[in-house]
Amino acid sequence: MKDPGKEWYALTRRVRVMVANPKVVDVSKINDYTDLANPSLKGKVCLRNRKSPYNQSLVANQIVNIGQSKTKAWLKGMIANVSQPFFPGDIAIIRAVSKKKCGVGIVNHYYVARMLDGINGRRDSLYAKRTSVITPNPAHVNISAGGVAKYAKNKSEAIQLLEFLASPEGSKGLAAPTFEHPLKEVNQNEIVKNFGEFTPDKVTTEDLGINNPLAIRLMKDAGWK
Ligand SMILES: [Fe+2]
């Protein structure tokens, strides 16, 4: 979770989960991202648009995990199940799932947690309560990261800050209020704990970067808007 060239360091972790409405889809039949390609979910899948780095990384992750041809088949099936416009953000997807505009979508876990907590207001917390979070096993984990800008004026202070934020104490402090996970251990907030344990897969952040251009091309080819 750091750049081999030491240009950036992970600070917190985020799990890319699925959010579903049990009144629209059979939650017990959805365990993995690849299940979203099942023809039984026709018209029931909501996705954020192709520009989202979260989704680009998810696709890059699948290229590493299941290979290019299986990723292509997954994308083809999943995109065929999308009937709604492609959404600009993860929160919009959670609202759409809750309002039964679709049955299942892919989001970062902390968006659901923040909505449940009421950070976005009462209405969003009610929306989030009508949904279930499904954590694939293993799960795709993305990160927030930091680095020092090339022309930073206070370089040694910047390095000190970065070292603190990447430390167990700093990472915990950064992740707690945003409902993300620290680099080591997990967020202890009950809302996040309720999403269940997760096992990160073995794909490195560097791998996600290397496969990013190919991921974007496959998404485009599959019709991911
Ligand atoms: Fe985010």
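This is a predicted model: local features need pLDDT of at least 70, side-chain atom pairs count only at pLDDT 80 or more; totals for chains, interfaces and linings use all residues.

Trainee: Which residues of β3 point which way?
Mentor: Val104, Ile106 and Asn108 point one way, while Gly105 and Val107 point the other way. Both sets are buried.

Trainee: And how does strand β1 pair with β3, parallel or antiparallel?
Mentor: Antiparallel, over 5 bridges; β1 covers residues 9–20. In that pairing, Val17 sits opposite Val107 of β3.

Trainee: What about strand β2, how many bridges to β3 there?
Mentor: There are 2, and β2 (residues 45–46) runs parallel to β3. Cys46 has Gly105 of β3 as its bridge partner.

Trainee: Switching to helices. At what angle do α2 and α10 cross?
Mentor: Roughly 40°, with the axes coming within 9 Å. The helices are residues 68–80 for α2 and residues 212–222 for α10.

Trainee: Left-handed or right-handed?
Mentor: α2 passes α10 in a right-handed crossing.

Trainee: Which residues make the contact?
Mentor: From α2, they are Thr71, Lys72, Leu75, Lys76 and Ile79. From α10, they are Leu218, Met219 and Ala222.

Trainee: And how many of each class?
Mentor: The contact of α2 with α10 has 5 nonpolar, 1 polar and 2 charged residues.

Conventions:
Residues are numbered from 1 along each chain as its sequence is written. A residue is buried if 20 or more other C-beta atoms lie within 10 Å of its own, exposed if 12 or fewer, and partly exposed in between; C-beta atoms are placed from the backbone. Helices (H or I, at least four residues) and strands (E, at least two) are DSSP runs, numbered from the N terminus. Two strands pair if DSSP finds at least two bridges between them. Axes are lines fitted to C-alpha atoms, for helices over the stretch in contact, and angles run from 0 to 180 degrees between N-to-C directions. A crossing is left-handed if the near helix is turned anticlockwise from the far one by less than a right angle, and right-handed if clockwise. Two residues are in contact if their C-beta atoms, placed from the backbone, lie within 7 Å. Ala, Val, Leu, Ile, Met, Phe, Trp, Tyr, Cys and Pro count as nonpolar, Asp, Glu, Lys and Arg as charged, and the others, Gly among them, as polar.
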